[in-house]
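The sequence and structure are shown below.

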Amino acid sequence: MRRYIVKRLISLIPLLLGVSLVSFLIMHLAPGDPTAMLTDPSVKPEELLRLRQNWGLDRPLIVQYFYWLWHAIRFDFGTAYMLNRPVSAVIAERLPATLLLMGTSFAVTLLIAVPLGVLSAAKKKGWFDNLVTVISFAGMSIPSFWLALMLMLLFSVKLNLLPAGGMYDPSLQTPSFLKSAIDVALHMALPVATMVIVALAGITRYVRSSMLEALSQNYIKAARARGLFERTVIFKHALRNALLPLITLIGLSLPELFGGAFIVETIFAWPGMGRLGVAAVFSRNYPVIMGVVMFSAFLIVIGNLLADVCYALADPRIRYEKVQKK
Amino acid sequence: MKKFKKNKLALFGAAILLFMALAAAFAPALSPYDPNELGNTALEAPSAAHLLGTDDYGRDIFSRILFGARVSLTIGFVAVSISVLIGSLLGALAGYYGGAADSVIMRSVDVMLAFPSIFLILAVQAVLSPNIYNVMIVIGLTSWMGVARLVRGEFLSVKERPFVEALRCLGSSDIRIIFKHILPNSFAPVTVAATLGMAGAILTESALSFLGMGVQPPYASWGNMLQDSQAYLRLAPWMALVPGLFIFMTVLSIYFVGEGIRGASDPKEN
Amino acid sequence: MLEIRGLATYYYSDNETVKALDGASLSLGKGQMVGLSGASGCGKSTLGLSLMQLIEPPGKIVKGSIKLDGRQLLGLPKEEIRQLRGKSISMVFQDPFTTLNPVLTIGDQLSECLRHHFSMGRKEAKERAVEALAKVKINDPAKRYASYAHELSGGMRQRVMIAMAVLCGARYLIADEITSALDVISQRHIMLLLEELRTKEGLSVLLISHNRPLLARHCSRIYEMKDGKCLN
């Protein structure tokens with residue numbers, strides 16, 4: 001078990017190096033002065049000179065990469081335009097909002113997808129299964145930003161039930177914790193709904209096929225042969241096996257979750273890292289863009305590692321690696 | 001092929017796609033108006049004169065949809081072709097040669113998968129300047145990973161089979177073995193992956209255009225039509241409904257067709 | 001007494017109907033060990049599964065009679081069939097590596113049977129389960145209770161499966177190629193165990209195997225499966 005974790009940690013290093021390399025290369029796609037990538041070009045000339053030295057900008061590309069890497073390891077991505085603050089500080093401010101959105105969306109998605117997938121698999125090819133399949137396909141085909149607009153149209157504009165954007169109601173004067181929580185929850189409803197509907201399709205299908213796989217195993221036949229209730233067979237024997245691949249799925253879904261969150265944040269003006277990043281794209285605030293790219297990749301890599309560790313803990317075959325004598 | 005024909009949804013999807021493709025191809029002939037022509041009647045609801053209404057500049061939405069179909073379908077197709085090309089090649093090399101090549105290529109897959117691709121593409125578009133061509137290329141360059149893994153898997157399982165050994169003994173060059181003998185085996189799963197990829201590419205392009213980093217005005221893309229519609233959500237909801245519906249129908253049809261192909265090529269499916 | 005008369009089980013597909021069993025008959029008396037042999041894929045397993053009524057679509061038991069101690073099993077409502085499984089008649093399968101749930105401890109799987117069939121409390125179920133493990137000659141049964149399937153050898157796993165099969169009082173055991181995946185020494189141990197259960201506890205065993213010498217050594221009567229029928 002420990003060996004497994006150590007092995008995974010070691011394999012992280014080339015991965016992170018690769019990520020930093022790709023980010024670095026993107027930055028240098030643009031012709032012109034790379035100083036623009038690291039700070040606002042309108043700063044004082046002494047500042048520019050200091051930057052050149054700090055980031056090795058008059059050195060060959062390879063050397064520049066190492067300077068960049070040296071900074072990246074310490075989460076230093078330069079200084080944001082206009083704001084004149086370190087990029088990492090700006091990102092750190094916005095990150096919790098994004099994580100809240102992503103976390104809630106994923107949790108809700110799982111809460112709905114698991115029962116749907118399990119029931120679909122248990123009654124394969126039944127009317128429920130077919131209905132869920134059709135809805136899944138529909139969900140996968142909806143562009144998330146369009147769904148966001150439609151939901152906004154329905155719930156905010158026409159029905160006036162939910163706020164159309166932002167995270168807080170600015171008119172609330174020093175609200176209590178509960179009032180504040182409800183306020184955030186209301187603001188979160190539409191963004192979360194959008195992300196959930198889009199993600200639901202794929203995850204439901206995944207759960208379904210994972211369950212079908214588990215149900216086709218020999219130990220299910222043996223469990224039925226012992227006269228156990230069908231519901232025990234499904235919910236105890238099959239489900240526990242089917243849930244394991246879900247842990248891996250969490251890791252695999254992270255890139256899409258982030259991507260989805262970025263778009264949803266932009267439409268609903270949710271003050272997260274995604275909205276920051278997209279706004280930075282429009283204002284060509286390069287230090288922030290690169291910071292968001294690197295940081296989200298970093299989080300995804302760490303997330304995958306955590307998922308793998310959880311999987312190793314959950315699967316007794318990996319947790320207890322003892323080899324018995326035959 | 002027969003199994004595909006039996007799948008009603010797949011046929012339905014194929015019909016819709018064919019219809020879309022034809023509409024796109026004959027857009028100039030079919031559109032009642034010039035898609036970029038500014039009209040007199042802005043924000044007009046669907047009517048006899050304008051089948052799907054007009055937008056904030058008075059442009060006919062139906063015509064814009066037709067031309068937008070051209071853009072979206074072309075970008076989807078080209079992007080997926082690029083990704084399949086790159087993915088198949090890299091997957092084949094990794095699977096066939098193994099060893100260092102395999103390690104490097106698979107690591108690259110892992111690295112590319114660590115980025116949220118939308119944002120990566122946005123970042124690239126911010127650095128370059130967005131236009132139709134680099135949208136296609138960048139989407140292609142960020143979606144080859146799935147195909148690569150797929151093809152690599154195929155190669156790994158086929159590589160050890162006796163017929164490959166036999167071919168080598170007969171003096172076939174590696175390139176010949178790869179392209180003529182092993183690669184064709186993965187045709188079916190790659191085609192399924194390609195359909196999924198095309199659906200994804202269309203969704204990605206529309207998201208990019210929606211955000212303003214894809215197809216630039218005045219060219220119509222279903223995505224950037226949705227961007228324009230945002231400000232007029234209350235006044236002219238059809239501006240938002242129509243392009244979105246078309247994206248939805250197109251992508252859904254592609255998924256149905258893909259499922260049909262998968263079902264038809266899977267020997268286990270009864 | 002387990003009596004099968006004229007059992008027919010067919011598998012339906014688009015192209016053809018496979019008549020896996022077509023008028024199969026055999027009898028298994030109390031405390032007997034009876035063998036069923038035949039070529040691979042000729043329907044031996046289908047007979048076992050039909051007895052347990054575990055045949056799933058596209059397969060179907062078409063006609064025939066299965067009498068367990070005089071009681072007709074075919075046509076019983078699903079609930080009653082389910083109650084019979086494990087309690088009156090049970091089955092052990094061929095592959096010991098896939099018939100135990102990998103994420104549950106073997107103790108959990110054993111106790112579960114007891115708690116299900118007899119509404120036993122946890123503690124009592126655990127005690128009985130440990131006893132059962134001892135009965136099938138598992139060393140250190142109390143400790144093994146908490147083991148997972150992957151920590152046991154193939155031979156040990158089959159013993160656990162046999163323990164599970166007889167734990168709830170089943171008098172009739174269908175052993176479908178239970179030694180085919182084991183090495184020769186483990187095979188002997190398992191057969192000795194079955195013999196002991198037969199003589200000491202009156203367990204009746206239908207031993208299904210393609211290994212004719214094995215059947216000859218242990219069975220009082222051997223049926224040969226051919227064309228969906230059993231010949232003596």
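## Contact between chains A and B

In this predicted model, the contact draws on 45 residues of chain A and 42 residues of chain B. Together the two chains bury about 3,800 Å², of which 83% lies on carbon and sulfur atoms. Two pairs of chains are in contact, and chains A and B share the most contacts. Chains B and C, by contrast, do not touch, with their nearest C-alpha atoms 8 Å apart.

## Polar features and composition

One salt bridge is counted between chain A and chain B. Its partners are the side chains of Arg205(A) and Glu259(B), at 3.4 Å from N to O. On chain A, the elements giving two or more residues to the side that touches chain B include helix H1 (2-27), helix H9 (230-268) and helix H11 (286-314). That side has 34 nonpolar, eight polar and three charged residues.

## The sheet of chain C

In chain C, six strands form an open sheet with mixed pairing, in the order S6-S7-S8-S3-S9-S10. Strand S6 (89-92) and strand S10 (229-231) of chain C each have a single partner strand, so one side of each lacks a neighbour in the sheet. On average, neighbouring strands are turned by 25 degrees against each other, direction ignored.

Strands S3 (residues 33-37) and S8 (residues 204-208) of chain C run parallel and are joined by four bridges; Val34(C) stands opposite Leu206(C) in S8(C). Helix H7 (residues 184-201) of chain C packs on the sheet, touching S3, S7 and S8 of chain C.

How values were computed
Residues numbered from 1 in each chain as written. Chains lettered and ligands numbered in written order. Predicted model: local features only at pLDDT ≥ 70, side-chain atom pairs only at ≥ 80, totals over all residues. Heavy atoms only, no water. Contact = heavy atoms within 4.5 Å. Buried area = accessible area lost by both parts, 1.4 Å probe. Salt bridge = Lys/Arg side-chain N within 4 Å of Asp/Glu carboxyl O. Nonpolar A, V, L, I, M, F, W, Y, C, P; charged D, E, K, R; others polar. Pairing = 2+ DSSP bridges. Axes fitted to C-alpha atoms, helices over the stretch in contact; angles between N-to-C directions.
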